[in-house]
Amino acid sequence: MLTLYFAPGTCSRASLIALEESGLPFEAKRVDTANGEQRSEAYLKINPKGRVPALATEKGVLTETPAILAYIAAIAPAAGLAPLDDPFEFARLQAFNNYICSTVHVNHAHGRRASRWADDAAAHEAMKAKVPQTMAESFALIEDGMFAGPWVMGERYSIADPYLFVMTGWLPSDDVDPARFPKVAEHYARMLNRPAVQRALAREKA
């Protein structure tokens, strides 16, 4: 049995959606990040990084969203969540997810976790002030150069779609209007209609 450790509203939502799409049996365990459970001794034994998501498997624990998404796609090939039979297309998919992880998520984090990069309060405020610009620039690149449509990689839904869905959902809190990016905004609306997404959101609210 797979066990996903998640927190509502975080990037772990992408993994939760992917598991719902996969058809695999799994257990979802909420981590109370608001009260610091991710830093508890018990959770640090699961993920020493003190973050979500973490996916416990029979072989050990996986962390980092791109890795977890790729693993889910690989162990549930019938779900068609990644082009596993085409190394180049799979690498393209991984490139998109790694851009989300290494750039878009980091842009967002500068508005909430500035203390990771500096101790000076003025530096924190400067980083926060930059977030609307960096997020908008990243989404302009996705909208104009990376999004194939109707799904991220084209006609085929993949593990890139829930990851983009999460980041798009964060835009309003970063003072960026998603309507500036029509293809991405339409994608977000289409994702909300998927039963797997609805189930994942319901788990978060439970």
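1. A residue is called buried under 20% relative accessible area, exposed over 50%, and partly exposed in between, with a 1.4 Å probe and protein chains only. By these cut-offs Arg92, at 34% relative accessibility, counts as partly exposed, and Glu89, at 26%, is likewise partly exposed.

2. The model is a predicted one, in which local features need pLDDT of at least 70 and side-chain atom pairs count only at pLDDT 80 or more, whereas totals for chains, interfaces and linings use all residues. Residues are numbered from 1 along each chain as its sequence is written, and side-chain values use heavy atoms, with hydrogens and water left out.

3. Arg92 and Glu89 form a salt bridge (a side-chain nitrogen of Lys or Arg within 4 Å of a carboxyl oxygen of Asp or Glu), and their closest N and O atoms are 2.6 Å apart. Both residues belong to helix H4, where a spacing of 3 residues separates them by about one helical turn; helices here are DSSP runs of H or I with at least four residues, strands are runs of E with at least two, and both are numbered from the N terminus. In general, an α-helix has 3.6 residues a turn, so residues three or four places apart point the same way.

4. The count of salt bridges comes to 9. One of them pairs Glu204 with Arg13, with 2.6 Å between the closest N and O atoms. Because Glu204 lies in helix H8 and Arg13 in helix H1 (residues 12-22), this pair ties together parts that are 191 residues apart in sequence. Glu204 and Arg13 are both buried.

5. A salt bridge also joins Arg199 to Glu20, the closest N and O atoms lying 2.9 Å apart. Arg199 is in helix H8 and Glu20 in helix H1, so the pair ties together parts that are 179 residues apart in sequence. As for accessibility, Arg199 is partly exposed, with a relative accessible area of 39%, while Glu20 counts as buried at 11%.

6. Which residues lie nearest the centre of the largest pocket? They are Cys11, Arg51, Val52, His105 and Arg116, out of a lining of 32 residues. A pocket is found on a 1 Å grid over the protein atoms alone, as an open set of points where a 1.4 Å probe fits, with protein on both sides within 12 Å along at least five of seven lines, and lining residues have an atom within 4 Å of a point. The space in the largest pocket is about 840 Å³, a volume being the space filled by probe spheres set on the points, which are joined across faces, edges and corners.

7. Helix H4 (87-109) and helix H6 (160-170) each supply at least two residues of the lining of the largest pocket, and H4 gives the most, with 6 residues. The lining divides into 12 nonpolar, 12 polar and 8 charged residues.

8. Gln94, also placed in helix H4, touches Pro66 and Ala70 when residues up to four places away in sequence are not counted, contact meaning heavy atoms within 4.5 Å. From Gln94 to Ile159 the C-alpha to C-alpha distance is 9.3 Å, although the two are 65 residues apart in sequence.

9. In helix H7 (residues 182-192), the residues Val184, His187 and Met191 are buried. Seen down the axis of H7, its buried residues fall within an arc of 55°, so they line one face of the helix; the arc is that of the directions from the helix axis to the C-beta atoms. Their cover includes helix H5 (121-146), H6 and helix H8 (195-205).

10. Two cis peptide bonds deserve a look in the backbone. Val52 and Pro53 are joined by one, with omega about 5°, and Pro53 lies in the loop between helix H2 (41-46) and strand E3 (54-57). Gly149 and Pro150 are joined by another, with omega about 0°, and Pro150 is in the loop between H5 and H6.

11. Glu64, in the loop between strand E4 (60-63) and helix H3 (65-75), has phi near 80° though it is a residue other than glycine. Asp175, in the loop between H6 and H7, has a positive phi of about 60° and is not a glycine either. Glu64 counts as partly exposed at 40% relative accessibility, whereas Asp175, at 65%, counts as exposed.

Terms used. Ala, Val, Leu, Ile, Met, Phe, Trp, Tyr, Cys and Pro count as nonpolar, Asp, Glu, Lys and Arg as charged, and the others, Gly among them, as polar.
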